[in-house]
Amino acid sequence: MSKPRMGSYKNISIVERRRLREKKYKKHNLANILTHWFNVGMWALLLPTGIAIISSPRLGLSPVWMQELFRNMFGGAANLIKFHYTIGFLWIFVLLFNVLLGFRKYFVPFAISRMLLDKDDIQWLKTKPLQMLGLMKDKTLPPQDAYNAGQKLYMYVVILGTLGIMVSGPVMALKTLFPPIVKQIAQPLHWVSVFAIVAGVIIHVYMGAIFPEEKEAFFSMFGGKVSAWYARAHHEKWYWEKVQEEMDWEEEVAREIESAAGADPQPAPAKSGD
Amino acid sequence: MADKKRYGFVIDISRCIDCRACQVACSLENSVPLNHTRIWIHDQGVQGTFPKLSRTFVPYNCMHCEHPPCIEVCVSGATYKDPNNGLVLVDQEACIGCGFCVEACPYDARYLDEKLGVVDKCNGCIQRVEIGQKPACVATCLGGSRLFGDLNDPASDVSIALKNAKSLFRLDIEGKDIDTDPNIYFINAPQSLTSLVTSDAFKQQGQAVPREPKYTISEEGWKKVLVPAIAAGIGASFLVQATYFTKQLIEGEKEFDE
Amino acid sequence: MPNTLSRRDFLKVGGAALGALTVSRFVPPRVVAAARTAGLLDQNGDGYIPTMCEMCVWRCGVLAKVEEGRVVKLEGNPDHPNSKGKLCARGQSGLMNTYDPDRVLTPLIRVGQRGEGKFRKASWDEALDVVAANMLKIKEQYGAQAMIFSSTHNLSQVQFENLLYAFGSPNYGTQRSLCFNAMVTAFSLTYGIEEPSRDYTSVKYILLTGRNLLEAISTSETSDLMDAVARGAKLVVLDPRFTKTASKATEWLPIRPGTDLAFILAMINVIVTEKLGDCEFTARYAVGCDKLPAHIAFYTPEWAAKKTGIEADTIRRIAREFAAAMSDALAHPGWRTSNFINSFQTERAIATLNAIVGNVLTPGGCLNAENPEASGITLGKPSQPPYPRLSSLRLDGVPWKYPLVPLKLGVFQELRDAVLTGQPYQAHGWFIARQNPVLSLPDRQKTLEAFGKMDFIVTVDIIMNDSAWFSDVVLPEASYLERYDPLLPVSGKVFIRQPVIEPQGEAQSALWIYKQLGERLGLGDFFQYQDEEDYIRQQLAPLGNYSLEELRLHGYVEPPAKEKSQEITFNTPSGKVEVYSETLANAGYPALPTWEEPPSPNADQFYLLTGKVGQHTQMGTQNNQLLHKYEDYPRLWMNPEAADKLGLKDWELVEVTSEVGSVKVPVQVTPAIRADCVYLTPGYGHLSKGLRTAYGDGVSDSVLHVTYVDPVSGGQALSQTFVTVKKA
């Protein structure tokens, strides 16, 4: 099968567009979705309480009204911290549980298919930031996978940051196990990890929940599916992979029917290159 | 507010005999571990040449400062100044035992309890004061050197002692960013004393009280490098999304609508 | 909160259901139950129980804070005249003696060699049987006098004495001859009272001769002294060391050791020759003052200046200032002042000095020589048969060698020579109660040799002290927070020491131990009390209608005061202050205070001074972890001048050698001591490995001390030992 030209959705007919919009591809499985929203919920609890805990006036990181508000809400610093600890440990436990349980079935394939950077991604990374600043308007972006290169990079930040939080948090919470110097180092680690993730989350949330082009992406986090149209527009490479998969499947089915009809079995066609 | 308390100590230096009953009483009252102490008696050592000698003892503990450097560095808000009585206290459940405050206290009045993994210090025996008793050290002071009470109340022991004091000094630290304004008032000291306690000789012995607040490398680096970096990072990412969003508002949504 | 079911109560209800299985665990302990009945503890077993301190012999009133059967804090009892609401470091730390991880919790019987520290646990029955059998064996073979009894000042001592007198031994060793024999003998002879009490309410001039009141702490007196100093009273301290007391003094005079007597005699000389004294008082209440001017004429300030190293003018000035304060002047009797064999004469001189300024027994006077019986409190005691007649000599030489030493004081340090020589007869057994002669007696090696002569040694103590370490049987006593002791009258009130917690392990009170032992020795008739409470009820009986419960609730009862007689009488043969003592004259001693030249060290020797620190009591508290926490490491004090000559630096290890022994100890170079003296804090250098905190901490001065006995009072001259010091 000849490979279709990529990045050419503008010339698609309206009928085809409609068909594409109705056709759905599965982008996220249930495990992903649940883990994602669990993560969202935990972060919604951990981030504000965490910020409210840091009270050092010398650092001046969190606004005093926020410290006061949360301390009053929880009945004192100790309760606030205990709440943060409890939710934090719950978060760590569930997340680790999910990742470890689905490590081979979900996490490794996910990491391989969606996190490795290829040439296109690097090209994208070279172009996109400049375009966002209004430069290099004429240059077309290379087609992207299920995640674009920015998302892929951010995934690394998230994974490393999460590990940083998971290590530094318990160091501070289990205060008798570690010497003070470790607890002193754990603090900045905790916060750098959090803020690295938060810096990305601002864009992630904006793109996912506010940016109109990405509406589908937002709803896909509930249903798990995106339309073929969306896939083709935003993650063209992944779209064509999906199409290829379908075509392979059709051929397979056709072969099976043929062989069932008693015809000479033909060798399966060699898989096309990328 | 007239009825707001400001608890503090007045220590009559002329009356301290270095018997250390206060220290033992404190250890028991507050279950202080055997390798730590909450209160100290600073021994000036024998001064002068035989037989013209003098020796002065300066009992002290947490100064319950008006502007405590320890609170400045406490990340978890465990250390706080009680708004009702002015005592500097530690909420040990909130404390993570990182020890920033131990370094920051110019009076070395704090210690880390290794067993509990938290910081501990003089709490003015608030558990006793609340039920009308004197702090353990004050109650048992044989020489009558230690006094405790409400500095705002003119009829309290401390206010009366201050009024009758022959001399008065505090171990105040005033600097660029710091003015501890301590609430221990030392009275009736020999004239030479203020300078002695902070003298270079004592500093060399590592016994200087008070000393400059210390900030650990992690705390210092944290403040000077990481905090700005984080602020920059978050600022930048916000800027990116804001630019994008504004651009979109101006240029209008493209090519996605039918 | 009555009638509300708290969470705690709820848990208890839940616990009760469980308790059906293990009933005994839920029955409240005896002490708690009794304290609850008396209204001292609340439903949870929390509260304050009044009792009495035993960390030294001052016996402060204590309020013990108890939480769920544990003592958590001790407070001074504001109702007690000796504590007035305060406790010293030792008093505060008292509960750590009780909770000492090294407590002996069961009777122990030795299995290894003596001093090896190998013991096996035994039941009380077995241990008491062993002790009784050994004591009876010795009595049978060698007579009751072959059994030595020794014990240190304590409230149960009366029953200890009961045991030894009933047993029939005259050999009784107490700490007294190592401590206050000089003072007690001198004041008994002069005022007719062992120890006059001091009154600081109006004092204006205080002279302390070797009484380090701010380090050798007596809670109320230490507080009173500080109040007086703060009020502006003059404080003159005679001490070769610049002690903490000296640091608070108006004037510190680093007197040559052993010459306090010369200083006081010169003061008397000035006051008498210049007629500055209270002639009216001396004329009415003293005998021998007329003989004084002629006797004292030789002791001029110029003479004393040569002896003491203090300028004559200074002595003269102090004498005049002292006399000017009249009855508001106080020359403190101290315990033993200079610790030389002339201490007795020094104490006599102090008694005379006070008398001639008229501060004794006068209204507002600073020395109260009132007879203790004058308070009118006479406690009851169980009835008992008369003691067997003592026919044998006392091994300590009283009275055949020391005619004036009161029998109950004795000359403890002399006992060992008798044991080692077997003269006048051989002793075979030693019963030690709450005492540590291995460390307290001078010349430790000699004590251990004497131990070696013993067939049987038994020690009663709460911890494995050094003497217990070398004993055959160790009987665990209940600590002072765990037991009753006989009552103690103080200033018109009768105070009780009562248990505030259950005894740790199988520890038992001294009253119980002596009674059990008495019964096994066939001396049951001498111990006619059911138990401790019964004993105290019998003591209370003559005081009136007081119940034990009432006593326990308040910690004391206050019987109506007896009408005080206006007549001032002294309990002496003449009924007056005996500046001139007929008794002394008859015994062949100087009848008036007289100079005795103390020995002095050779050029290469130092006076070895002893003293006290505020954090320890003698040799009994070094294992207390809280006191250990706040103690100073005990080093050998040396003047920089002397240290320079020997080429010694601070903290350098030195070897200190006396006639009888030698120790290695780091030196503390300090100007706070005369150049001809060194000082070592006593009580350290324990031998017992059963004391894990104290073992290996410091060295013992008892290794160095040579035995010197004051012939009049029998007191040990602890500062009369001279030592050489060299780099170790």
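Q: What makes C:Val723 the bridge partner of C:Phe606, and in which strand does C:Val723 lie?
A: In this predicted model, C:Phe606 has its bridge partner, C:Val723, in β27(C).

Q: Why are strands β22 and β27 of chain C said to pair?
A: Pairing requires at least two bridges found by DSSP. Strand β22 (residues 606–609) and strand β27 (residues 722–727) of chain C share 2 bridges, so they pair, in the antiparallel sense.

Q: In what order do the 6 strands of chain C close into a barrel?
A: The order is β22-β26-β23-β25-β24-β27 (chain C), with mixed pairing. From one strand to the next, the twist averages 45 degrees.

Q: How many residues of chain B are in contact with chain A?
A: Contact requires C-beta atoms within 7 Å; 38 residues of chain B are in contact with 36 residues of chain A. On the side of chain B that touches chain A, α9(B) gives the most, with 15 residues. By class, this side of chain B has 20 nonpolar, 11 polar and 7 charged residues.

Q: What is the average pLDDT of chain A, and which of its elements has the lowest mean?
A: Chain A averages a pLDDT of 78, and 82% of its residues score at least 70. Helix α10 (residues 228–234) of chain A has the lowest mean pLDDT, 72, whereas helix α4 (residues 77–101) of chain A has the highest, 90.

Q: Where in chain A does pLDDT stay under 50, with 3 contacts beyond four places in sequence?
A: This applies to residues 268–274 of chain A. Where pLDDT is low, predicted coordinates should not be read in detail.

Methods: Residues numbered from 1 in each chain as written. Chains lettered and ligands numbered in written order. Predicted model: local features only at pLDDT ≥ 70, side-chain atom pairs only at ≥ 80, totals over all residues. Helix = DSSP H or I, 4+ residues; strand = E, 2+ residues; numbered from the N terminus. Axes fitted to C-alpha atoms, helices over the stretch in contact; angles between N-to-C directions. pLDDT = per-residue confidence, 0-100. Contact = placed C-beta atoms within 7 Å. Nonpolar A, V, L, I, M, F, W, Y, C, P; charged D, E, K, R; others polar.
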